Amino acid sequence: MRQTWRWFGAEDAVTLSDIRQAGASGIVTALYDLPAGTAWPIDRIAETNSVITQAGLTWDVVESLPISEAIRTDAPEAKAHIEAWRASARALAERGIKVICYNFMPVLDWTRTDLVYTRPSGAKALRFDLVDFAGFDIHVLGRTGAAQDYPETVQSAANKRAAAWTAKDHSRLTETILAGLPGAVESWTLDEFRDRLNAYADIDADRLRANLAKFLRAVLPEAESLGLRLCAHPDDPPWPLFGLPRILSTHADYQWLCDLYPSPANGVTLCTGSLGARPDVDLVEMVTALGPQIHFLHLRNVKRESHTWPTSFFEDDHLAGSTDMIAVISAIRDEENRRRAEGREDAEIPMRPDHGQMIIDDQLRKTAPGYPAIGRLKGLAELRGAALALGGRMT
Ligand SMILES: [Mn+2]
């Protein structure tokens, strides 16, 4: 595996030097200040690339080249936004950046209810508490029909818990849950959020799939000719939230994606943390079945609290949690060996330790939720050790 690290640019409190010291050799970044639907200027790409290269690292993966809500909903601006996306992809290819991660989650990106869930050790983790989430949906947001989206036991626990919430609890939950929204967290109000949800009133999973297919058919032929490898990140958590459809949550969803347009350009970001929140996803089976299409790996481990979904979970240590990470790494090693035997130039799959707990000095340094320096360094070191012990290659 190629050891990469997500870097949020010059504003990131975790510097490129920190990243090298952690043992990573590749960078995963994007032009985060440009809104979805904007074509990325080639000089901005070149400038970022040069800062990374000067630090002795390489820009291996773009995460993400964002897909606008207009594209997801097939609104009138979709055509122009797809053209802008293609222009950005062309500009990236021209600078030699070939792996582009994207997601197709409506409105919300990843969603958690607690960003500082304290573990017995004192480490702080990200957590999704299903009862808190249901309580927020039913009683704070007050979404019509929300209650029936949850099992009865969850509904009644949520009703009981929400009855004791203060105004402070309401704003803490609102801020935390809306923190997964791309863009400025502070500027989102519940009313704006409701407007965003309303844009999907007529969009079910089938329509969302049709919109993804339309986008892919527009971008993949050119991406393929440029040697780009697009890779779709799974939904996080991998089930519908707030009545919104989600279409990249299971192995079958990914099989649909790969079958839609078989091409090296049409690939997968295998995020063991997102997919691992579902007990019916077998990650080793996914690595084996979709191996040739896996262009990017996010290794992270969640601890599920029930054997069904939806479920509460928290982000555990990289080698702990509900996913057998050693088995996943073995399957990845086999896929990389297969690629080497085939002579594929992308035999080493870029991998990043996806999230880490806040440990030691992380709690003194302001970083994006899930992206502290030392917690991720620890995760990367454990993953590297496991991969090497299993006979994998780490670059
Ligand atoms: Mn991920």
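Student: Which residue in β8 does L230 stand opposite?
Tutor: L230 stands opposite N266 in β8. This is a predicted model, where local features need pLDDT of at least 70, side-chain atom pairs count only at pLDDT 80 or more, and totals for chains, interfaces and linings use all residues. Residues are numbered from 1 along each chain as its sequence is written.

Student: How many bridges join β7 to β8?
Tutor: Three bridges join β7 to β8 (residues 266–271), and the strands run parallel. Two strands pair if DSSP finds at least two bridges between them. Strands (E, at least two residues) and helices (H or I, at least four) are DSSP runs, numbered from the N terminus.

Student: And which helix does the chain cross through from β7 to β8?
Tutor: Through α10 (residues 251–260), in a right-handed β-α-β crossover. Right-handed here means that, with the strands pointing away from the viewer, the path from the first strand over the helix to the second runs clockwise.

Student: What about β4, how many bridges does it share with β7?
Tutor: Five, again in the parallel sense, with β4 covering residues 99–103. C101 stands opposite C231 in β7.

Student: Why is β7 largely enclosed?
Tutor: Five of the five residues of β7 (residues 229–233) are buried, so the strand is largely enclosed by the rest of the structure. Buried means 20 or more other C-beta atoms within 10 Å of a residue's own; exposed means 12 or fewer, and partly exposed lies in between, with C-beta atoms placed from the backbone. R229, C231 and H233 point one way from β7, while L230 and A232 point the other way.

Student: Zooming out, what do the strands form?
Tutor: A closed barrel of eight strands with parallel pairing, in the order β1-β2-β3-β4-β7-β8-β9-β12.

Student: Changing topic: which residues of α7 are buried?
Tutor: L173, T176 and I177 are buried in α7 (residues 167–177). Seen down the axis of α7, the buried residues fall within an arc of 90° (taken from the directions from the helix axis to the C-beta atoms), so they line one face of the helix.

Student: What do they pack against?
Tutor: The buried residues of α7 pack against β5 (114–118) and α5 (130–141), contact meaning C-beta atoms, placed from the backbone, within 7 Å.

Student: And which exposed residues are on the face turned away?
Tutor: A167, K168 and S171 are the exposed residues carried there.

Technical notes:
Contact = placed C-beta atoms within 7 Å.
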